[in-house]
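Subject: Structure for you to look at

Hello,

Here is the structure I promised to pass on. Please open it next to this email, and my notes follow below.

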Amino acid sequence: LELLAEKCKHLHPHERNFVIAFDELAIIPGNCFDPSTKMHLGNVTLPESDNQANMALVCIAMGIVKRVKQVVACHYTDKTTNGDSMISFLSSLVCKTEEIYKINIRAFSFDMGTVNRSMITKLGITLNLKNEVSSIKHPVRSSDELHLICDPTHASKNLNQGFKNNG
């Protein structure tokens with residue numbers, strides 16, 4: 001997060017509006033030793049577990065008005081990572097990012113990975129035409145909402161796949 005502080009140091013107030021994007025990536029399970037941190041890597045970290053991870057969750061803060069982009073968190077996940085763990089992590093990440101770096105997280109974006117779908121279900125977010133709920137109460141500013149934005153690249157891939165599968 002120190003890199004984000006440096007990038008945000010000279011932003012004007014209207015340029016301090018950000019989105020946090022969550023992206024899940026498939027990884028090959030395995031463990032390795034990182035000599036720079038002197039830690040073994042490869043087990044699930046959200047929530048902490050001895051299971052080997054098969055997914056990496058990368059979180060990127062992106063400026064809405066000004067082009068600023070920085071990875072702010074990364075976790076290893078697997079099928080044991082649930083919506084409750086994600087909600088706690090999302091809330092903590094938004095609170096910490098806003099408090100320390102004086103930026104406003106206005107929305108979060110996600111791909112349609114398993115962990116992300118679990119989180120939005122637990123949050124009560126629905127994306128159907130009959131009953132759309134696309135925001136939650138902001139964890140820092142109770143008078144604001146934290147909006148959900150579907151990642152357009154992944155949304156178009158899902159739409160394309162749906163047409164292929166269903167004619």
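In which strand does Ser135 lie? Ser135 belongs to strand 9, which covers residues 135-137; helices (H or I, at least four residues) and strands (E, at least two) are DSSP runs, numbered from the N terminus.

Before you read on, please note that this is a predicted model, in which local features need pLDDT of at least 70, side-chain atom pairs count only at pLDDT 80 or more, and totals for chains, interfaces and linings use all residues. Residues are numbered from 1 along each chain as its sequence is written, and side-chain values use heavy atoms, with hydrogens and water left out.

Back to Ser135: with a relative accessible area of 17%, Ser135 is buried (buried means under 20% relative accessible area, exposed over 50%, partly exposed in between, with a 1.4 Å probe and protein chains only). Its side chain makes a polar contact with the side chain of Glu145, at 2.9 Å. A polar contact here is a pair of N or O atoms within 3.5 Å; within protein, one must be able to donate a hydrogen and the other to accept it, and residues adjacent in sequence count only if both atoms are side-chain atoms.

Now to the aromatic rings. The structure holds 2 aromatic pairs, where rings of Phe, Tyr and Trp (its six-membered ring) pair if their centres lie within 6.5 Å, and planes under 30 degrees apart count as stacked, over 60 as edge-to-face and the rest as tilted. The pair of Phe22 and Phe89 is edge-to-face, because the ring planes are at 85 degrees, with the centres 6.3 Å apart. This pair links distant parts of the chain, as Phe22 sits in strand 1 (residues 17-26) and Phe89 in helix 2 (residues 83-101), 67 residues apart. Phe22 also forms an edge-to-face pair with Phe108, at 6.4 Å centre to centre and 85 degrees between the planes. Phe108 lies in strand 8 (residues 104-110) and Phe22 in strand 1, so this pair ties together parts that are 86 residues apart in sequence.

Cys95 is in no disulfide either, as the nearest cysteine sulfur, that of Cys59, is 14 Å away. A search of the whole structure finds 0 disulfides. Cys8 is buried, with a relative accessible area of 2%, whereas Cys95 counts as partly exposed at 26% relative accessibility.

The largest pocket may be your next stop. Its volume is about 230 Å³, and 14 residues line it, with Met39, His40, Leu41, Thr45 and Tyr76 nearest its centre. On a 1 Å grid over the protein atoms alone, a cavity is a set of points where a 1.4 Å probe fits but cannot get out, and a pocket is an open set with protein on both sides within 12 Å along at least five of seven lines; lining residues have an atom within 4 Å of a point. Grid points are joined across faces, edges and corners, and a volume is the space filled by probe spheres set on the points. At least two lining residues come from each of strand 3 (39-41), strand 4 (43-45), strand 5 (48-52) and strand 7 (69-77).

A few backbone details are also worth a look. The peptide bond from Leu46 to Pro47 is cis, with omega near -10 degrees, and Pro47 lies in the loop between strand 4 and strand 5. Lys38, in the loop between strand 2 (32-34) and strand 3, has phi near 55 degrees, a positive value in a residue other than glycine. Lys38 counts as exposed at 65% relative accessibility. Phi of Lys102 is likewise near 55 degrees; Lys102 lies in the loop between helix 2 and strand 8 and is exposed at 55% relative accessibility.

Best wishes

Notes: Disulfide = S-S within 2.5 Å.
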